[in-house]
Amino acid sequence: MISPTSPTLLPEQLVLHRETLRGGQAWSRRLARGQVLRIVDLAGTACVSALFYNLREPIERYNMADTLKAQFTAFLTTGRVLYSDMGRVLCSLIGDTCGWHDTISGCGNAESSRAKFGEGPYQKLRNDFHRNARDNFTVELGKHGLGKRDVVANVNFFVRVAVDDVGNLAWHAGNSKPGAWVDLRFEMDTLAVLTNTPHPLDPAASYAPPPIDLILRKGEPPGPEDPCRRSRSENERGFALTEAYVRETQALAGGRP
Amino acid sequence: MKSSLRESSLSPKDACFDEMVPSGRGFTHELSPGQILRIVDLEGNQAVDTLFYNPRDLDERYSATDTIRTQGNIYLTTGSRLLSSEGRTMLSIVADTCGRHDTIGGACSAESNQVRYALDKKYMHNCRDSFLLALARYGRGMSKRDLSSNINFFMNVPVTPAGALSFEDGVSGPGRYVELRAEMDTLVLISNCPQLNNPCNAYNPTPIRLLVWNGN
């Protein structure tokens, strides 16, 4: 396997931004069409919960059900894409060394964190205090004028929650590994919101979310033979709708056509 | 979780509300704590797309992911507690003669129909349009921003251990019903699904009956 920091894989002239997120930290950024965000699970035990919004019209956002229905899948990996509620592709998984990213099990909140790990207050722990995913989403969304109404079913990168024949959920230990990464190529200008916080089904007994790396690089929008586009007819239509919207947006901005 | 079929002892003649909702129509209704809502699948294998809100604080709403993670199962049936985004129990399923209801299939929309079926399906009626019209008529400023992952009563969307998702023939049948007891003030939002592209309802959307009883 190629190292996630291999210079042959990520030429420095393509890298736009690098950042390490501490355990417990939230993050948001505006991402341009064509850019690629790599999320690296340094320790192999991370849960990176994520939500995605159309940058210009954030009422359009990642939609779990439409993503799963279009691709007849309950999880994400290379070749699959994240749909908005408007039939468009927000971003595509163009690379993945983990293999399974969860879409159905949601994220923790203050109550689930307190029940499992205790209060973990700032007064005592300072910046190692116990932050949780839902509050992190609320805070980070608040910076963009969004709030609780905008928190929908999220993606959990590097997490696998298995479903058995009768629908029971079970935490799948060892889903990720140290250095595993996923590459997200953005197909529209997108607001991404991430939180690096423990998954409530993770049996780890102590509050110790590990750091993750974020590496943003330049990229190109997908061509006609792009594997995510070509993976199934639903995605071909999803990309066509996305590209029509991109042309519409360019026309409004005074660009071509 | 075992499939837990359970019949109700409530009689329709005692109901305080009794209304038919044809396919393709939206519906809103407020429940008080203790009231019981029965949704009847009159002809079988209809999909009843449903969302719940706290009418005193509309930011608090049914959360699919919190509900399934907390109960440890992706399907709903008797005994399931429907949790809000604030972690509170909004409703409990107290009777169910179907046995399995979907939590992850979501609602159809004009745009998702284009992706799933064909670009020229955009004109077809869909659940999101019914949701949006019903919310506008409800008149409290709710919009698409308030639509999150809904329940599909009577719909069967199994997930395999390998992570595949499919839309199977329903496990419901004519006259089967589910009953929910409101545990707090609850706004019910329903779209009786008009989908004509999916074999889950035999390409034949049908009416439902909604009844409400006052609690004891």
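Which residues of helix 6 of chain A are buried? I began with this point. I note that this is a predicted model, in which local features need pLDDT of at least 70, side-chain atom pairs count only at pLDDT 80 or more, and totals for chains, interfaces and linings use all residues. Residues are numbered from 1 along each chain as its sequence is written, while chains are lettered from A and ligands numbered from 1 in the order in which they are written.

**Entry 1: helix 6 of chain A**

I found the buried residues of helix 6 of chain A to be Glu234(A), Asn235(A), Arg237(A), Gly238(A), Phe239(A), Leu241(A), Thr242(A) and Tyr245(A). A residue is buried if 20 or more other C-beta atoms, placed from the backbone, lie within 10 Å of its own. Helices (H or I, at least four residues) and strands (E, at least two) are DSSP runs, numbered from the N terminus. I then looked up what these buried residues pack against: helix 1 (64-71), strand 6 (81-83), strand 7 (89-96) and helix 5 (227-230) of chain A, together with helix 2 of chain B. Contact here requires C-beta atoms, placed from the backbone, within 7 Å.

The 20 residues of helix 6 (residues 233-252) of chain A should span 28 Å at 1.5 Å a residue, and the end C-alpha atoms are 29 Å apart, which agrees. The expected span is 1.5 Å times one less than the number of residues. Just after this helix, Gly254(A) has a positive phi of about 90 degrees.

**Entry 2: the side of chain B that touches chain A**

I recorded 34 residues from chain B and 42 residues from chain A in the contact. On the side of chain B, helix 1 (64-71) and helix 2 (110-116) are the elements that give two or more residues. By class, that side has 12 nonpolar, 14 polar and eight charged residues. Ala, Val, Leu, Ile, Met, Phe, Trp, Tyr, Cys and Pro count as nonpolar, Asp, Glu, Lys and Arg as charged, and the others, Gly among them, as polar.

**Entry 3: the sheet of chain B**

I counted three helices and 11 strands in chain B. Six strands form an open, antiparallel sheet in the order 1-11-3-9-7-6. Two strands pair if DSSP finds at least two bridges between them. Strand 1 (17-21) and strand 6 (81-83) of chain B are the edge strands, each pairing on one side only.

Which strands pair with strand 3 of chain B? Strand 3 (residues 36-41) is joined antiparallel to strand 11 (residues 208-213) over six bridges, with Asp41(B) opposite Ile208(B). Six bridges also join strand 3 of chain B to strand 9 (residues 176-182), again antiparallel, and there Leu37(B) stands opposite Leu180(B). I noted that both faces of strand 3 of chain B are covered: Ile36(B), Arg38(B) and Val40(B) are buried on one side, and Leu37(B), Ile39(B) and Asp41(B) on the other.

**Entry 4: the sheet of chain A**

I found an open sheet of six strands in chain A, in the order 1-14-3-12-7-6 with antiparallel pairing. Strand 1 (15-21) and strand 6 of chain A stand at the edges with a single partner strand each, so one side of each is left without a neighbour in the sheet. Strand 3 (residues 36-41) of chain A runs antiparallel to strand 14 (residues 212-217), joined by six bridges. In this pair, Asp41(A) stands opposite Ile212(A).

Key
Contact = placed C-beta atoms within 7 Å. Buried ≥ 20, exposed ≤ 12 C-beta atoms within 10 Å, placed from the backbone.
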